Amino acid sequence: MNFFEGEMSLEKVRQTLIRLEDTIIFQLIERSQFGRNKIIYENNKFGFKDFKGSFLEYYVRERENLDSSIRRYDSPDELPFFDKIQKPILPNLDYPSVLHPNNINVNKKIWDSYINNIVPRICTIDDDSNYGSSATIDTACLQALSRRIHFGKFVAEAKFTDPKYHDEYVKLITNQEKDKIYELLTNKDVEKKLLARVEKKARTFGQDIEFQDKEIPHLKIQPTLIPELYNDFIMPLTKEVELEYLLNRLNTPNMTEKDKEGHLHSSILKEDYKI
């Protein structure tokens, strides 16, 4: 989403989410072509000097250092998985303030869900020794999933500022009525269309062109897997972000200037994985 172009609206946010579907689906299809290669998720398997984490943790950290140097994590829609990142070499951009100050970060849950649930579902081979390729695609998948799920903040803000529902949200938030807020922010019709759309995309993107002339197309991934992953992991985590954002939308938190700019770099993996 272009934060410098006009006012934010729910329609603009949804269009961004629809474009992110393409990225996520393409990356998941690509990851499914390799083995699960679970060794890259285990600590102390590759003998890195002065590093006790996993191969994937090492790769993601190095990638985030590079990305941060070109100000990726200055953008209000990006959150790193690690807190040790570089200062940008490019001049700062003055992003408009579109979100209420918050420190919501579910990257730890995204990381765990991806490794323990998503990869095992989409990869049919146990180990094929393509560790570098797998980690490269894992990193792209994690970054895309994180951006998509944390976009729930923008969804929630757009819904909160919608004149049609604003007063009702204020009332429910004031009373901290979680169940009713969750019900109000849920649109079953939109979710149903989303699941149908991502399955159609998976069926289209996953076709092998060399087999198009056959009556039954050769598919790189089972298309129904994609809506299942959206339904079981991506959508619930997005709604968790939305709910948490709305529950604190009326608060005036005591946050640092760095947090207010949306640049909170949580050390979520440092403690859990002893990097």
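The model is predicted, so local features need pLDDT of at least 70 and side-chain atom pairs count only at pLDDT 80 or more, while totals for chains, interfaces and linings use all residues. Residues are numbered from 1 along each chain as its sequence is written, and side-chain values use heavy atoms, with hydrogens and water left out. The chain has 11 helices and zero strands; both are DSSP runs numbered from the N terminus (helices: H or I, at least four residues; strands: E, at least two).

**Confidence and overall fold**

- The mean pLDDT (the predictor's confidence in each residue, from 0 to 100) is 89, and 87% of the residues reach 70 or more.
- Residues 255-275 have a pLDDT below 50, and this stretch has 48 contacts in the model beyond near neighbours in sequence; a contact means heavy atoms within 4.5 Å.
- Among the contacts in the chain with a separation of 6 or more, 76% join residues 24 or more positions apart.
- Of the chain's 275 residues, 45% count as buried (buried is under 20% relative accessible area, exposed over 50%, partly exposed in between, with a 1.4 Å probe and protein chains only).

**Helix H6**

- Helix H6 spans residues 166-174, and its buried residues are Tyr169, Leu172 and Ile173.
- Seen down the axis of H6, these buried residues fall within an arc of 100 degrees, so they line one face of the helix; the arc is that of the directions from the helix axis to the C-beta atoms.
- An α-helix has 3.6 residues a turn, so residues three or four places apart point the same way.
- Asp167, Lys171 and Thr174 are exposed on the face of H6 turned away from the buried side.
- The cover over the buried residues of H6 includes H5, helix H7 (178-185) and H9.

**Tyr169**

- Tyr169 counts as buried because its relative accessibility is 2%.
- Not counting residues up to four places away in sequence, Tyr169 touches Lys159, Phe160, Ile181, Leu184, Leu185 and Leu246.
- Tyr169 and Leu247 are 78 residues apart in sequence, and their C-alpha atoms are 9.5 Å apart in space.

**Second largest pocket**

- The lining of the second largest pocket divides into eight nonpolar, three polar and nine charged residues.
- Helix H1 (10-32), helix H5 (152-160), helix H8 (188-205) and helix H9 (225-247) each supply at least two residues of this lining.

Conventions
Nonpolar A, V, L, I, M, F, W, Y, C, P; charged D, E, K, R; others polar.
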